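Subject: The structure I promised

Hi,

Here is the structure to look through.

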Amino acid sequence: MPPSDSDKIRVKCSCGKTVIASQKHIGRRVKCPNCEVPITIKNSAMELSESHSPQQDSLPNKDITPSSIKRKAPIFICTVSGGVILLLGVIVFVFMSPGKESESKTQNQIAERDNSGSQNKQQAEPSSVARNTSSSDTNTVITPALSKPESPVRGYLAARTWQERLPYVMNADDVRPKMAQVYRDLPTFNSDEFLPGTILSVSDPLVPVGKSCIVTVDISKSSQDLPRISYVVTHSKEGFKVDWEESQKRVEIDIKEANEAKWRKIKPELDIEILRWKQESSYASIEFRLTNKSTALLPYVAVDMSIENDKGEYLGTAYTNETNVRSGGTIVKKITFNNVQTGEIASWKMNIKEVTVDLGDGQRIDLTQFFKMNENLANSTKGYQPKLESCLNGHWQHSNSHYFFSSEKPEAIFSDENGTILKYGYKVVERNYSTGEFKVRLFPKEGLPYQCTFALKAPQKVTFQITHRAFKSLPSLQVMEEINKPLEEWSYVNKQESP
């Protein structure tokens, strides 16, 4: 006869399930049909004395008898055992299989070993980049050829053809056409003439990614004219590579500096000493002394001059040349300017137009860009001005006679103790910087002109002498006759320009 509800005892297991037993099982221990933990049947529900980790699955409550407990225990034992075996299999599989992270680490270790094994190589090998294509991360492994700033330079210089240089060059596809054009006449390099060279310096060995540094190489064994050459190397994500276009610019600078250093040994200088300006008929001419200060023979020398007036207005340019000027040699040359008055010329500038140098074996080379010019007025220590006549501006006196020279225009006023006042126009005939003299032709309002010579004797002292007088030999022709009147010494009074 089944027990009634009043005879039943409910005991709650720690897994949350309620076990129902009859009162005759009080004091006995039975297994929970859900978690198989032994339960003591008591008069009231109680906690299990032994702790455990319950599963989260829930089973419906039902009556439990000792016979049902005994029948279900093997089922649970088999289920748990199978789960444990399955779990162990999964763990073994996981630990025995190489993970993606360990695979990437292994590749990096191999690359590092390759890098350390190739550091002693003198020539770099073609570049290559190994990549781990894992979906979670991408790592770039830099090969030895690109691992240091100097590495791609060594490989670049060791290449036998320009195509072999491409792996060491940034943006190789873009610069390839430009390289092909540059190396069109030199497709293959002579290894005896183009050696890798010796790395002299790296401007910044620790340059960060995206920045560049300069690698300087000594190639003096293969190039006497260009002993050093510099390359611009950029640190990219793939390692260091040569920036070909920027390096070409650097090479041009290196060539210029090397040539300057080479030709500086011959002291490439010309000295120009301005001797005088002179008016000759309708043109003005300048005489100057040219000295070859270099240690080389100059087969050809040409210089030009540009002139301006007081207002800075351009009046013209002319040039002259000379051949076979020896080292230390001096020659006097002349440059003429048509339809220009000497008095108009207030300033000028001389330039070296062309200079060729004899190398001593019959070969000649244009070294215009390396020569410099030193230009001075003769007697420059005396402080002469380009316009010597400008020193006359103001009031001058000799005994009881006075001259007033205008600074605004070529005019002069003469007065004496008798109250005689004469006005003159004048023009400059000659400026002689060697003697400090200048010649002026005076034109009175009435009568024929005459010519006089002023000589600078001191900052405020000049000598004045009328040297020529004009007369009419024909109705339309004036001839200057030499008369050489007594020499007079004039002293500067002040800036007053009129009596």
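I call a residue buried if its relative accessible area is under 20%, exposed if over 50%, and partly exposed in between (1.4 Å probe, protein chains only). On that basis, 35% of the 499 residues in the protein chain are buried. Bear in mind that this is a predicted model: local features need pLDDT of at least 70, side-chain atom pairs count only at pLDDT 80 or more, and totals for chains, interfaces and linings use all residues. Numbering starts from 1 along each chain as its sequence is written, and side-chain values use heavy atoms, with hydrogens and water left out.

The chain has five helices and 27 strands (DSSP runs numbered from the N terminus: H or I of at least four residues for helices, E of at least two for strands).

Helix 3 (residues 150–158) has seven of its nine residues buried, so it is largely enclosed by the rest of the structure. Those buried residues are Glu150, Ser151, Pro152, Val153, Gly155, Tyr156 and Leu157. They pack against strand 7 (198–202), strand 8 (212–218), strand 9 (228–236), strand 10 (239–242) and helix 5 (244–263), where contact means heavy atoms within 4.5 Å.

Next, the cores (sets of buried Ala, Val, Leu, Ile, Met, Phe, Trp, Tyr and Cys residues joined through side-chain atoms within 4.5 Å). The largest nonpolar core has 55 residues, and Ile274, Trp277, Met305, Trp348 and Tyr403 have the most contacts inside it. A second, separate core of 24 residues includes Tyr156, Val169, Val215 and Ala258.

Tyr403 deserves a look of its own.

As for aromatic pairs (ring centres of Phe, Tyr and Trp, its six-membered ring, within 6.5 Å; planes under 30 degrees apart are stacked, over 60 edge-to-face, the rest tilted), the count comes to 14. The rings of Tyr403 and Trp490 have centres 4.8 Å apart and planes at 55°, so this pair is tilted. The pair links distant parts of the chain, with Tyr403 in strand 20 (residues 401–405) and Trp490 in strand 27 (residues 488–494), 87 residues apart. Both belong to one aromatic cluster, along with Phe405, Phe414, Tyr426, Phe438, Phe454 and Phe464.

Cheers
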